Amino acid sequence: MATAQDIRPRKDELAAQAQYLSTSPTASFHSPSSHGSALQRIIPVVNAKHLKPFATEDIKVLLLENVNQAGRDILSAQGYQVEFLKSSLSEDQLIEKIRDVHVIGIRSKTKLSERILKEAKNLIVIGCFCIGTNQVDLQYAANHGIAVFNSPFSNSRSVAELVIGEIIALARQLGDRSNEMHNGTWNKVSNKCWEIRGKTLGIVGYGHIGAQLSVLAESMGMSVIFYDVLNLMALGTARQVETLDALMAEADFITCHVPEVPETKGMIGRKQFDQMKTGSYLINASRGTVVDIPALIDAMRSGKVAGAALDVYPNEPAGNGDYFNNDLNTWGADLRALKNLILTPHIGGSTEEAQSAIGVEVAQALTRYVNEGTTLGAVNLPEVNLRSLTMEEPDHARVVYIHKNIPGVLRKVNEIIGDHNVDKQMTDSRGDVAYLMADISDVNTTNIKDLYERLESLPSRIMTRILY
Ligand SMILES: NC(=O)C1=CN([C@@H]2O[C@H](COP(=O)(O)OP(=O)(O)OC[C@H]3O[C@@H](n4cnc5c(N)ncnc54)[C@H](O)[C@@H]3O)[C@@H](O)[C@H]2O)C=CC1
Ligand SMILES: O=C(O)CCC(=O)C(=O)O
């Protein structure tokens, strides 16, 4: 099994380095979930040396939840051993599998809790092939030197378009009319069917998706208001309101685009439904815990809410099949019986465009991290990057030292690597964890082994990797 200290000379791979030009996934003009980085680019270096940690055929990658082919191809092309599964796994199955792997790729269903990550002794990096990272214990991962990457906006447009479709479908009761026709019933009605022009859309969470939706909705003649914990620039003629209460009371259509965090759990509950205008509509394509579904059922039965669209649920099945029943969520049957309710199986980001873009973006981030130690775009570690080594620097090695953020560590590390020529070095910290990268020259495999062992023996050590 490959380990980080395995310093066998890598195969001679002189292929030019992939010319990554991806923007930093956390860079955004207003994203609150970004970690403060300005727009950063991975600048392609002519004649860059392709660093590798150890024999790449030893790197085991487990991809769950039908990760897109484009991403699978990038990882396989590196020579990694890639195992691909269409669905997610039960906790026990996952524990068995994760023990072995260095890289895991998931989407929104696989929960990487502390219990599971504790078993992942070889894991160095997690790729969330989606936006949300609430399914991963990010702090536990950081404290154990496991980097986490996601794709923060590649499926935003797909979600926004789905919501636009749903606004019209709800206003015109399209789901019900279509179901009736499928059952042979002709039911030509205009009662309580509306144009969306001139209606007010209330967006809860004005991030990547909310802002995109704002532009689309205005172009169809809607007025847009939004509520966000941050003070944000309103696009077009949209208007930020001070409170969620104000948004609930004013909007005709309310759509949720907040992350799953403790503050958003049950954010739309009985009190909020009471505040809504009678005959208004609710859409949730964020996370299932954001809306109190029994309260929604009551609000729809009473006529307060005239229609709703749900794409996400507190419990979602691991794979496709006949699972949307009361075993999954106790209120499943009550929900399914409601009129003018569009239920979709978490497909907000499920378009060909989004999935292949996400596949490429996350697979490239994983490859860069495994091969070069670059953390640009990581959601739980500081963002650290060094200019690439070139082919003219054959006896160089890159030291990656993830350590506890405590005083005195840099002095100790520099005592160790300072025996060699340190060409360049960068270090940054995030909370309790710090990440150091240094390129050193004129080192042979014996030096590298020695460096590795000395760094590993420091009490501050979380994880050491040497790439060359
Ligand atoms: N249905 C699906 O397939 C998909 C669902 N999602 C979900 O949508 C969520 C939003 O995605 P993005 O727009 O890309 O995220 P984002 O991070 O760009 O925006 C989220 C916005 O919510 C705001 N926010 C956070 N807590 C809040 C609170 N308590 N009250 C009001 N506003 C709050 C933030 O300030 C931010 O502006 C994701 O976290 C994910 O869970 C994302 C993609 C696909
Ligand atoms: O497509 C998926 O599996 C998950 C989409 C999603 O919810 C996300 O990107 O956060």
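## Helix 7 and its cover

The buried residues of helix 7 are covered by elements that include helix 5, strand 6, strand 7 and strand 9. Those buried residues are H208, I209, G210, A211, Q212, L213, S214 and A217. The model is a predicted one.

Helix 7 has twelve residues, which at 1.5 Å a residue should span 16 Å; its end C-alpha atoms lie 17 Å apart, so the two values agree. After helix 7 comes G221, with a positive phi near 90°.

Seven strands form an open sheet in the order 8-7-6-9-10-11-12, and their pairing is parallel. Strand 8 (239-240) and strand 12 (341-343) are the edge strands, each pairing on one side only. Helix 7 packs on this sheet, where it touches strand 6, strand 7 (223-227) and strand 9. The direction of helix 7 makes about 165° with that of strand 7.

Within the sheet, strand 6 (residues 200-204) and strand 9 (residues 253-256) run parallel and are joined by four bridges. G202 is opposite I254 of strand 9. In general, the strands of a sheet pair through backbone hydrogen bonds, in either a parallel or an antiparallel way.

## Surroundings of the ligands

Ligand 1 is surrounded by 34 residues, and the closest are G205, G207, I209, P259 and G348. The elements giving two or more residues to this shell are helix 5 (156-171) and helix 7 (208-219). Helix 7 contributes the most, with three residues. By class, the shell of ligand 1 holds 14 nonpolar, 15 polar and five charged residues.

Around ligand 2 are R107, S108, C130, I131, G132, N155, G348, G349 and S350. Two residues of this shell are nonpolar, six are polar and one is charged.

## V443

V443 sits in the loop between strand 15 (433-441) and helix 14 (445-456). This residue counts as buried because it has 20 C-beta neighbours inside 10 Å, and the cut-off for buried is 20 or more.

Leaving aside residues up to four places away in sequence, V443 touches D395, A397, H420 and I448. D395 is 48 residues from V443 along the chain, yet their C-alpha atoms are separated by 5.6 Å.

Key
Residues are numbered from 1 along each chain as its sequence is written. Chains are lettered from A and ligands numbered from 1 in the order in which they are written. This is a predicted model: local features need pLDDT of at least 70, side-chain atom pairs count only at pLDDT 80 or more; totals for chains, interfaces and linings use all residues. A residue is near a molecule or strand if its C-beta atom, placed from the backbone, lies within 6 Å of it. Ala, Val, Leu, Ile, Met, Phe, Trp, Tyr, Cys and Pro count as nonpolar, Asp, Glu, Lys and Arg as charged, and the others, Gly among them, as polar. Two strands pair if DSSP finds at least two bridges between them. Two residues are in contact if their C-beta atoms, placed from the backbone, lie within 7 Å. Axes are lines fitted to C-alpha atoms, for helices over the stretch in contact, and angles run from 0 to 180 degrees between N-to-C directions. A residue is buried if 20 or more other C-beta atoms lie within 10 Å of its own, exposed if 12 or fewer, and partly exposed in between; C-beta atoms are placed from the backbone. The expected span of a helix is 1.5 Å times one less than its number of residues.
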